[in-house]
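Take a walk through the side chains of this model.

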Amino acid sequence: LTSAFPTEEDYVERNYLDFFPSGGITYTPNQKHSFQLSYSRRINRPSYQDLNPFKSQLDELTFEKGNAFLQPEYANNIQLTHSYNYRLNTTLSFSHTTDLITRITDIDEENPDASFITWLNLADQYNYSINFSAPISITEWWSSYSSLTGYYTHNEADYGDGKIVDLDAYAFNLYSQQTFRLPKDFSLELSGWYNSPSIWGGTFEMESQWSIDAGVQKKVFQGRGNIKLSVSDIFRTTEWRGTSIFGDLFMEASGAWDSRRVRLNFSYLFGNTQVKGARNRKTGMEDESRRIKTD
């Protein structure tokens, strides 16, 4: 895109022949260590709703519209993974995405007091990350799984008229799950995650978020049935808040949803427990199905 405001006279060029190479190498020097190096080039096309140019009113001074001139985004990914004893995994990743499809909030030229949300192509996004993950059996009745990811993200774009995107951030996220096996076929599960301040979309600088979930379950009917009571986001801390600067528009936004929920589930296993489940087969039509779904 050469402008943040495409017009009907803009020319759209589409090429329908492209190459998406991918490959990987695995090296296992001994039973304790395993290395895997992989590369892939992928395409992500905009959904039909993202392309819809008609306006949708959100409130008195804010509306949303799609962008009929969106280009597909291309991502080149390189990943190196090391596994120790098939338990402790370390992954180094680099990705470069061109024409990243992202939400942008801007001022409405027809009504300077109003703003609109649309989809634009961000020129470049660079992402470097490192991840550590491991399941750990602390005792016979206490098992744990934790994952820590640190990453650096840099967004770049120039839409003209002083509307420049040049954002970078060092961030990390943490997830941990603790499972306790209790007497009389009871088990307790406690999990939580934390996201540090980071970048969302093209221009939003987000504050941190965190959440804690808990659940207890009991096996019944000789192990064929299961009753589970769980609570998600116990302290209701998944509210989001961020700021965006794009051209002359400064925006501070926040929001939340019904993230705290209490669930009571019962499941029962019928039939022969020795029969293996059918394999999950995926087809290329799944990508198209995802694109036609509306928000």
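**Charged pairs and ring pairs**

R236 is partly exposed, with 36% relative accessible area. This is a predicted model. The partner of R236 is E239, and the two form a salt bridge with their closest N and O atoms 3.1 Å apart. E239 is partly exposed too, at 40% relative accessibility.

Side chains of opposite charge can pair when their charged atoms come close. How many salt bridges does the structure hold? The count is 5. One of them joins R103 and E64, at 2.8 Å from N to O. Buried would mean under 20%.

Another salt bridge brings together the side chains of R261 and D258, with 2.8 Å between N and O. R261 is partly exposed at 37%. D258 is partly exposed at 49%, and the cut-off for exposed is over 50%.

Now turn to the rings. A pair of aromatic rings is described by the distance of the centres and the angle of the planes. The whole structure contains 15 aromatic pairs. Among them is the pair of Y128 and Y152: the ring centres are 6.1 Å apart and the planes meet at 35°, so the pair is tilted. Y128 sits in strand 7 (residues 115-137), and Y152 sits in strand 8 (residues 142-158), so the pair ties together parts 24 residues apart in sequence. Y128 is partly exposed, at 40%. Y152, at 18% relative accessibility, counts as buried.

F172 and Y194 form a tilted pair, with 5.6 Å from centre to centre and 40° between the planes. Which parts of the chain does this pair link? F172 lies in strand 9 (residues 164-182) and Y194 in strand 10 (residues 186-195), distant parts of the chain, with the two residues 22 apart. F172 is partly exposed at 36%. Y194 is partly exposed at 29%.

Ring pairs join Y128 and Y152 with F94 and Y170 in a cluster.

K65 lies over the face of F116, 4.7 Å from the ring centre.

Notes:
Residues numbered from 1 in each chain as written. Predicted model: local features only at pLDDT ≥ 70, side-chain atom pairs only at ≥ 80, totals over all residues. Heavy atoms only, no water. Salt bridge = Lys/Arg side-chain N within 4 Å of Asp/Glu carboxyl O. Buried < 20%, exposed > 50% of the residue type's maximum accessible area, 1.4 Å probe, protein only. Phe/Tyr/Trp six-rings, centres within 6.5 Å; stacked < 30°, edge-to-face > 60°. Helix = DSSP H or I, 4+ residues; strand = E, 2+ residues; numbered from the N terminus. Lys NZ or Arg CZ within 6 Å of the ring centre and 35° of its normal.
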